[in-house]
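Here is a short note on the model, point by point. Please read it with the structure open.

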Amino acid sequence: PGGSGPRVAMLRSGHFLGICCVVQCFVLGYAHRLGHLGLYHPSNSVVFATPGVPANASVQEAFGFGTAAIMSNETWFFKGHEVTEGSFSDRAQALCASGGSNQVWGMLLPPSEGGVIDNKEDTGTWTPKWPSGLIQSAQRFSELRNTCLQVMGAVIDDFWSNWQNHAITKDDLVRVRAALKGHPVDPNGWPIEDAVGTTPDLKLIVVVYNGQLSSFNWTELEGVVDGVSYWMWEQNTNYPNFTETFRDLKAQLPPNATITVGDYTSDSHEGAALPAGVNSILSNALDLYDSGDLDGIWLFSGPFMSPHAPVLTQADWDALGLYNTLEQTYWPRLGGVDGRVEDSSTGLAIADALVEPYRGTRLITRQLTNQTGDFSFGAWEGTQTVAVTKTGYLPATVQIDVTGGQDAHLTVKLTRG
């Protein structure tokens, strides 16, 4: 949202500069647990000078964002400025590393953002080609899932206008969704009938703006799209209507739809976002997450939090006060879970068990236990349901209460069967 079309590069997303583990990153002694707030376009560039953050700290080190939507290409344009993000390989590996994120989403670029439906030369998993193909990008994130359990799916940027203009058709969505879910396809990109996908649980969601709600019709997308990412265009003017319009949109969606929301720090039309609007949407979105109405929140965008991207000024950043806001409203309500999976008969650790914690019906993250059977994750306060599976064992599901600012401890015993 808000870009004027990408080309070929991306913001450097190297490894964290802080001391990180699966649950949290420590900056000046403050524990930033990974949660459901993240970036639409992540960044590991140096963050603006911020009270409480060391000089030359990266955006990720300073904030410990838990989720990210990343695109395959390496450069995009915003109000005439080229925004560079570094190699796809570097960014993906940083997010997929232990402690890198709870969730990774692919960002698929439609024709209005410079992408195309099908680019048969854009086939390298780690070496994307321009223009970015929707089908090939979806396949890329399906393949990435083989080594990165945090991959949850993909979002088609600026979708609804492309749909209305027939730049994206239902047949196109069928092929993109098949590629994302790992279905074998024929040379024309069509899913092979009766073939089984390798990543059937990945979700395809689409960007919808507030100004498009009068024409948005979920029934047109049912069966080919799994959810939406909702953004407020002209946020400075429209932010007071965020919750009301979100609920109007949600009323159209099935109960199991995946839903994320976006919050602009700057957009291509209005420029720097009003701090009141950013904080209002963030506060209301956190309430919606708390009530189980959405899966995650994305800030637009990581590069804008750095002086290296000439979008926000230091004065804009100071007025926004994002770090102070999160200290008051977000980080104190994140807790952690440290756990171990072991054999119920022998008490021995079980390595490579799949751990999937949920908040209600909404998945928090995915990970495998390490060689000593341990796992850990960060989560919003409240009751979490932890599902554990391992070949040769019966599945187990346990619940645990998480308190903000504290780490809970859990042992899951699996029975052979």
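1. Contact here means heavy atoms within 4.5 Å. With neighbours within four places in sequence left aside, glycine 292 is in contact with Arg359 and Arg362. Its C-alpha atom is 6.8 Å from that of glycine 360, 68 residues away along the chain. Glycine 292 sits in the loop between helix H8 (275-290) and strand S15 (296-300). Helices (H or I, at least four residues) and strands (E, at least two) are DSSP runs, numbered from the N terminus. Glycine 292 is partly exposed, at a relative accessible area of 35%. The cut-offs are under 20% for buried, over 50% for exposed and in between for partly exposed (1.4 Å probe, protein chains only).

2. A word on the basis. This is a predicted model, where local features need pLDDT of at least 70, side-chain atom pairs count only at pLDDT 80 or more, and totals for chains, interfaces and linings use all residues. Residues are numbered from 1 along each chain as its sequence is written, and side-chain values use heavy atoms, with hydrogens and water left out.

3. Look next at alanine 379. Is alanine 379 buried or exposed? Alanine 379 is buried, with a relative accessible area of 2%. The residue belongs to strand S20 (residues 374-380). Beyond its neighbours within four places in sequence, alanine 379 touches Leu34, Arg333, Leu334, Gly335, Ile364, Gln384 and Val402. Phenylalanine 77 is 302 residues from alanine 379 along the chain, and their C-alpha atoms are separated by 34 Å.

4. Now the packing of helix H3 (residues 134-144) with helix H5 (residues 170-180). Their axes come within 7 Å and cross at roughly 20°. Axes are lines fitted to C-alpha atoms, for helices over the stretch in contact, and angles run from 0 to 180 degrees between N-to-C directions. H3 and H5 are therefore roughly parallel to each other. Angles under 35 degrees count as roughly parallel, over 145 as roughly antiparallel, 65 to 115 as roughly perpendicular and the rest as oblique. On the H3 side, Leu134, Ile135, Ala138, Gln139, Phe141 and Ser142 meet Arg175, Val176, Ala179 and Leu180 of H5. By class, this contact of H3 with H5 has seven nonpolar, two polar and one charged residues. Ala, Val, Leu, Ile, Met, Phe, Trp, Tyr, Cys and Pro count as nonpolar, Asp, Glu, Lys and Arg as charged, and the others, Gly among them, as polar.

5. Just after H5, glycine 182 takes a positive phi of about 75°.

6. Compare helix H7 (residues 242-250) and H8. They pack at an angle of about 40°, with axes 10 Å apart. H7 and H8 are therefore oblique to each other. Phe242, Thr243, Phe246 and Arg247 of H7 make the contact with Ile281, Asn284, Ala285 and Leu288 of H8. Five of these residues are nonpolar, two polar and one charged.

7. Last, the aromatics. The whole structure holds 26 aromatic pairs. Rings of Phe, Tyr and Trp (its six-membered ring) pair if their centres lie within 6.5 Å; planes under 30 degrees apart count as stacked, over 60 as edge-to-face and the rest as tilted. Phenylalanine 88 and phenylalanine 141 pair edge-to-face, 5.7 Å centre to centre with 90° between the planes. Phenylalanine 88 lies in helix H2 (residues 88-96) and phenylalanine 141 in helix H3, so the pair ties together parts 53 residues apart in sequence.
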